Amino acid sequence: MTVLLVVLLLFAFLQNVASTNFSQAEYEALYDLYTATGGNEWRWVPSGNRKPWDFTVYENPCVEKWQGIQCAVNKQQNISHVVKLLLPSYNLVGHLPESLGNFPMLRNLVLKNNSLSGSFPSGVGNLASLQVLNMNRNAFSQSLPSSLGNLKRLTVLDFFINKLTGTIPEFLNGLFRLRYLDVYTNLLTGPIPDFMGNLHRLQYFYLGDNHLDGT
């Protein structure tokens, strides 16, 4: 293969990447997250190849390599989708928007160690591909929404150190792939339900420092 051919193939590849579209619904969901949680005050991580989010001009977050975002391309549709949203310790403050459920390919959602509060959005139950949900060390209150029972691929559910109330959620009964469950240090009440024994893949199970019966 000649040097010229290699250069032409590389140019064609880069042109294809640059022309990849980004889901409009996901772009709007990222904007909602940014504005709802004080994006102007987020604590960006020094990085040579990852950029802070910028909505002053339209750009493809995947091509521009925005911090906290990992993407995959649907080659048939030539559309980039967010598959990982990782913003731990970024100083997110406030309530999560319902549009957080508009990422159909999202596998990992990690917003731990921030200052998020209020009720957890039921829209997250739309994330059918989600495997890891880590919200530990925030201040979420009320009960977790029953829509999380739709997350049949979930393996990690982590709400360590929050302010969740109510009983251990019934929706856990259908999350048969769950391996890690942590609701340690919340305000949960009531008994430990019998159905927990049906979660045969569960390896790590933390319920302490709540107000549960029999503990």
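A salt bridge here is a side-chain nitrogen of Lys or Arg within 4 Å of a carboxyl oxygen of Asp or Glu. By that rule, the count for this structure comes to 2 salt bridges, and Lys51, Glu59 and Glu64 are linked through them in a network. The model is a predicted one, with local features needing pLDDT of at least 70 and side-chain atom pairs counting only at pLDDT 80 or more, while totals for chains, interfaces and linings use all residues. Residues are numbered from 1 along each chain as its sequence is written, and side-chain values use heavy atoms, with hydrogens and water left out.

Helices (H or I, at least four residues) and strands (E, at least two) are DSSP runs, numbered from the N terminus. As for burial, the scale runs from buried (under 20% relative accessible area) through partly exposed to exposed (over 50%), with a 1.4 Å probe and protein chains only. Glu59 counts as buried because its relative accessibility is 11%. Lys51, with a relative accessible area of 30%, is partly exposed, and so is Glu64, with 29%.

Next, the interior. A nonpolar core is taken as a set of buried Ala, Val, Leu, Ile, Met, Phe, Trp, Tyr and Cys residues joined through side-chain atoms within 4.5 Å. The largest such core holds 52 residues, and the members touching the most others are Trp53, Leu85, Leu109, Phe120, Leu133, Phe159 and Leu172. Helix 2 (24-36) and strand 3 (79-86) each supply at least two residues of this core; helix 2 gives the most, with 5 residues.

Accessible areas come from the Shrake-Rupley method with a 1.4 Å probe, and for residues only the protein chains shown count as cover. Lys and Arg count as positive and Asp and Glu as negative, leaving out His and the chain ends, and a charge is placed at NZ of Lys, CZ of Arg, CG of Asp or CD of Glu. Arg153, Arg177, Arg179 and Arg201 gather in a patch of positive charge. Arg177 sits in the loop between strand 10 (163-164) and strand 11 (180-182) and, at 41% relative accessibility, is partly exposed. A nonpolar patch of about 290 Å² is made by Tyr184, Tyr204 and Tyr206. Tyr206 belongs to strand 13 (residues 204-206) and is partly exposed at 35% relative accessibility.

Finally, some backbone details. Ser89 has a phi near 60 degrees, a positive value in a residue other than glycine, and lies in the loop between strand 3 and strand 4 (93-94). Arg137 also has a positive phi near 60 degrees; Arg137 is in the loop between strand 7 (132-134) and strand 8 (139-142). Ser89 is partly exposed, at 32% relative accessible area, as is Arg137, at 41%.

How values were computed
Patches are made of residues with over 30% relative accessible area and no salt bridge: like charges are joined within 9 Å, nonpolar side chains (Val, Leu, Ile, Met, Phe, Trp, Tyr) within 5 Å.
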